[in-house]
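Please look over the structure below.

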Amino acid sequence: MSEPGLMVTIMEFLAAFFVFLIGLGVLVVIVLYIADISQTTHAIRRNYPVVGRFRYLFEHMGSFFRQYFFAMDREELPFNRAQRSWVYRAAKGIDNTTAFGSTRDLRPTGTVFFVNCPFPTLGEDAAPTASVTIGPHCRTPHTTTSLFNISGMSYGALSRPAVTALSNGARMGGAWMNTGEGGLSPYHLEGGADLVFQIGTAKYGVRDDNGKLSDERLKELAAHEQLRMFEIKLSQGAKPGKGGILPAVKVNEEIAKIRGIPVHQDSISPNRHPDINSVDDLLVMIQRIREVTGKPVGFKAVVGAYGWLEQLFETVNARGKESAPDFIVIDSADGGTGAAPMSLMDYMGLPLQESLPMVADMLEKYDLKERIKLIASGKMVTPAEVAWALCVGADFVVSARGFMFALGCIQALQCNKDTCPTGITTHNPILQKGLDPALKAVRVKNYIENMVYEVGVIAHSCGVREPRQLRRFHARLVTENGRSISLDELYGQPPVVAVGEQMNQVPSG
Ligand SMILES: Cc1cc2nc3c(=O)[nH]c(=O)nc-3n(C[C@H](O)[C@H](O)[C@H](O)COP(=O)(O)O)c2cc1C
């Protein structure tokens, strides 16, 4: 066939194909129209056949597009673009300065800022973060200089490459990593990081055949040198008082072995520890685990009602300071989770801004601030948030979602659907392929190091030598009348300042 003849044939074929596509399109619209008007489940589709379907598409796509096209830098929740971008740049180890001026509005009530010193700490006077010993009365106390650590997220909620990257990154960055309540997996151990073993209400990974806490298992776990501390989870900010079901389909051979549960059967987590019904029970449990393992034991809780804390500290003082929990993690009501009911996530418990100063003050009141280390948890993903927690009285800060961002999380809000587009919370091997554990481990390490560095920058600007010397009078909070007030005035007595820390401190007011 000649060249022009071939062209004509191709054009004719394309024209026919185009007409066919149009016809097919019309046919599909007719079928959808009939389907929509004859169904009774969706009012919108029945009243607006075919076009009504776009509502569902736009609703689904909206959560993806909003963050790229419509939301301003400081607008989104749980984390805005400014916060996420800081973490991404810190994790990549690239320049984290911004140009022209701040986009943060310093006027709204509740805004926090720090009090710079006229004579900031010189680089040569800066000190590395001091080491802190947790559980001084244990056979194996834990002494660490780490400031910013990885909060509990189970293997199961997180994918295998995510856990591997976090454990390697934590080791390289000198932070500890909490196992979450899903037990100790080989991937936690693989990276060589210091680990905190979390004991959830189902006692996963540390239970006997009847689901009770097993001393034998505790001893086996404690034999791992890497496993430095044990944490009893009383509650979690996003879902206080909520247990859960691990459906049978998720209980494969590996998960069953790690958690100590029968394979291919539903597994129920009670909504509290059945064996902890009072502060006395809690102290008995802490003492038992500490004696069996020889390692520091503390608990994690979101504070709601708080009379029980006063009761706890009174009981500790009556029994002797050795009986105290070695640490307490206070989780914020707006903490994250893999999945939780909105009523608990949005409405239950106190946010950290209220609970952290309250618990720090109680520890001061009962002379336990030195004995019980205070760990703050909840939406502290940038240096200013961490510095605020240290000012208020925290000894350590832990983050879950900050580290998810370091792994590449884009806040797609799909953690409960096995469709996480970044491979962090999915068990779909195709999606996991995007998460290279070796590369992301370096990101985790960079994030830790840049966080600690920049909290140091804030501390030096305030005139102290290292972050743990930050005190309440170093931060102020904007009140309703538009004027700011020093945190030591707002919350009352500042924590006791150790001798030798007075240098360069700015008085309140
Ligand atoms: C995917 C995911 C899984 C979590 N799993 C646990 C868990 O097993 N145990 C726990 O105590 N908290 C769990 N949490 C809560 C976090 O440890 C943390 O307390 C909370 O997210 C607040 O910290 P953040 O604001 O830095 O994320 C989980 C959070 C997320 C996002």
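Sorted by class, the residues in the shell around the ligand are four nonpolar, 13 polar and six charged. The model is a predicted one. The shell has 23 residues, and those that come nearest to the ligand are Gly152, Lys300, Gly336, Lys379 and Arg401.

**Side-chain contacts with the ligand**

- Ser151 places a polar side-chain atom 2.8 Å from an oxygen atom of the ligand.
- Ser154 also has a polar side-chain atom by a ligand oxygen atom, at a distance of 3.0 Å.
- In the side chain of Gln198, an N or O atom is 2.8 Å from a nitrogen atom of the ligand.
- On its own, the ligand has 610 Å² of accessible area, and the protein covers 98% of this.

**Cysteines**

- The number of disulfides in the structure is zero.
- For Cys409, the closest cysteine sulfur belongs to Cys415 and is 6.3 Å from the Cys409 sulfur. A disulfide requires two cysteine sulfur atoms within 2.5 Å, so the sulfur atoms of Cys409 and Cys415 are too far apart for a bond.
- Cys409 has a relative accessibility of 13%. Because the limit for a buried residue is under 20%, Cys409 counts as buried.
- Is Cys138 buried or exposed? Cys138 has a relative accessible area of 9%, so this residue is buried.

Notes: Residues are numbered from 1 along each chain as its sequence is written. This is a predicted model: local features need pLDDT of at least 70, side-chain atom pairs count only at pLDDT 80 or more; totals for chains, interfaces and linings use all residues. Side-chain values use heavy atoms; hydrogens and water are left out. Buried means under 20% relative accessible area, exposed over 50%, partly exposed in between (1.4 Å probe, protein chains only). A residue is near a molecule or strand if one of its heavy atoms lies within 4 Å of it. A polar contact is a pair of N or O atoms within 3.5 Å; within protein, one must be able to donate a hydrogen and the other to accept it, and residues adjacent in sequence count only if both atoms are side-chain atoms. Accessible areas come from the Shrake-Rupley method with a 1.4 Å probe; for residues, only the protein chains shown count as cover. Ala, Val, Leu, Ile, Met, Phe, Trp, Tyr, Cys and Pro count as nonpolar, Asp, Glu, Lys and Arg as charged, and the others, Gly among them, as polar.
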